[in-house]
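Biologist: Could you walk me through this model, one question at a time? I'd like the cut-offs spelled out as we go.

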Amino acid sequence: MTKPRKLFVKTYGCQMNVYDSERMSTALGVSGYQATDRPEDADLILLNTCHIREKAAEKVYSELGRLKPLKLGNPDLMIGVTGCVAQAEGAEIMRRQPAVDIVVGPQAYHRLPEMERHARQGAKMIDTDFPDEDKFDHLPRGPKMRRAPAAFLTVQEGCDKFCAFCVVPYTRGSEASRPAARILDEARDLLERGVREITLLGQNVNAYHGHSGDGDWSLARLIRELAKLDGLERIRFTTSHPNDMQEDLITAFGEVDKLMPYLHLPVQSGSDRILKAMNRRHTAENYLKLVDRIRAQRPDLMLSGDFIVGFPGETEADFQATLELVETVRYGQAYSFKYSARPGTPAAERAEVPAVDKTDRLARLQTLLTAQQKEAQNAMVGRQVKVLFEKAGRRQGQLVGKSEYLHAVHVSCGPSRIGEVLPVRITSSAVNSLSGELV
Ligand code: SAH
Ligand code: SF4
Ligand code: F3S
């Protein structure tokens, strides 16, 4: 018998890439590959890449430079680039780094096993098509094996919003929703593998509109149907756009027990002038009213957001408006970035804010957001939460899991509790996690 070939996958970017990496690994597993976490042992290395900011995209080329010498030690080694850099740069990747054998964009992953076979025969393989067939229907689920209790499940992909700064509509294509019946099947399959929490993914997940032969399915309808599945304890979804937050989804927060009280709702800026220049199609006031309506349904909701500082044309007064919005909303957690001009996007044509101002604004915004995060965590101390235990913790005899509010919680308890949801009293708060004890 020949030795099975080894696969090493490195994932950058968002949760959708994490999900895609898993699906590609499973498909290659069916073709005979075994996973390894050591690139030097691999016969196929995949970099599943992100194009969202310049830094993210450039990381890929430095990583490729580091991996290239491994080909000297293993003439069988193939290197593939997948994800959003693959889609955005295509053949340019092989020009810049000839050690790359395969380039495949996010909508063509089901063709990867076949591309790998051709690449082994010496062909350079590139596929950045947006084919009509649904890749997920052609990516195998693999043998039924137990897996981690929290899983991602892509329900919607692509974006038609065209925010002026963003590459996603170009790298992931236009908005497409998977049929509800397929999603429910996949959820049942995950439950049989020990999954207890599912996070529904989409670049605009709340724009989900599935069709399964019985009328329109909104995200709220899908969530209510998923909530009926025995064994599924928790449902989350990300990322939402403020303009797609429909009434039925808002009321689901008050009505569906399995829907967790956490919502990632990016606003990007608190200045209406900048929101308009970003083509966001909402104002700061729309956003604040929306937050009030959701909190009326679920007063304990933990909110998270994304912010860009130094978008072209942003003045100190615009930035102050962002700080004010943050003061009003009070986020439990948030991500903030310096604006990064991306080739091909409308904003890339505009004059940039000086780098020193971007750096200064990011530091001030992050100081405020960090203080809010700390405050939200400290407010948990003494409270009882429910934790889904996911894996071994930092220390011996410890497990780590997530609370309803997505806080990581470390608790002393035996490994047999992985996959269980148990009541925990929070005893202390650290920088990015909480500690507690079983009640
Ligand atoms: N679909 C999601 C997330 C898109 S990317 C949404 O609509 O919110 C994640 C975050 O990266 C964005 O919310 C934005 O804050 C940030 N981002 C996107 N393009 C960027 C750019 N050119 N420069 C800096 N940050 C960017
Ligand atoms: Fe990008 Fe805007 Fe679409 Fe989000 S909504 S993926 S930020 S274009
Ligand atoms: Fe990055 Fe593509 Fe996700 S650009 S954030 S990997 S959709």
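Biologist: Is Tyr-339 buried or exposed?

Modeller: We call a residue buried under 20% relative accessible area, exposed over 50% and partly exposed in between, using a 1.4 Å probe and protein chains only. Tyr-339 has a relative accessible area of 4%, so Tyr-339 is buried.

Biologist: Before we go on, what should I know about the model and its numbering?

Modeller: It's a predicted model, where local features need pLDDT of at least 70, side-chain atom pairs count only at pLDDT 80 or more, and totals for chains, interfaces and linings use all residues. Side-chain values use heavy atoms, with hydrogens and water left out, chains are lettered from A and ligands numbered from 1 in the order in which they are written, and residues are numbered from 1 along each chain as its sequence is written.

Biologist: What kind of ring pair do Phe-311 and Tyr-339 make?

Modeller: Rings of Phe, Tyr and Trp (its six-membered ring) pair if their centres lie within 6.5 Å; planes under 30 degrees apart are stacked, over 60 edge-to-face, the rest tilted. For Phe-311 and Tyr-339 the centres are 5.4 Å apart and the planes at 75°, so the pair is edge-to-face.

Biologist: How many residues apart in sequence are the parts that this pair ties together?

Modeller: Helices (H or I, at least four residues) and strands (E, at least two) are DSSP runs numbered from the N terminus. Phe-311 is in the loop between strand 15 and helix 14, and Tyr-339 is in the loop between strand 16 (333–338) and helix 15 (355–378), so the parts tied together are 28 residues apart.

Biologist: Which residues do ring pairs link into a cluster with Tyr-339?

Modeller: Phe-311 is buried too, with a relative accessible area of 0%, and so is Phe-165. Ring pairs link Tyr-339 into a cluster with Phe-165 and Phe-311.

Biologist: Which ring does the charged end of Arg-221 sit over?

Modeller: A charge sits over a ring if NZ of Lys or CZ of Arg is within 6 Å of the ring centre and within 35 degrees of the ring normal. For Arg-221 the distance to the centre is 3.9 Å, and the ring belongs to Trp-217.

Biologist: How many residues of the shell around ligand 3 are charged?

Modeller: Ala, Val, Leu, Ile, Met, Phe, Trp, Tyr, Cys and Pro count as nonpolar, Asp, Glu, Lys and Arg as charged, and the others, Gly among them, as polar. The residues around ligand 3 include Cys-14, His-51 and Arg-172. The shell has 4 nonpolar residues and 4 polar ones, and the charged count is 1.

Conventions:
A residue is near a molecule or strand if one of its heavy atoms lies within 4 Å of it.
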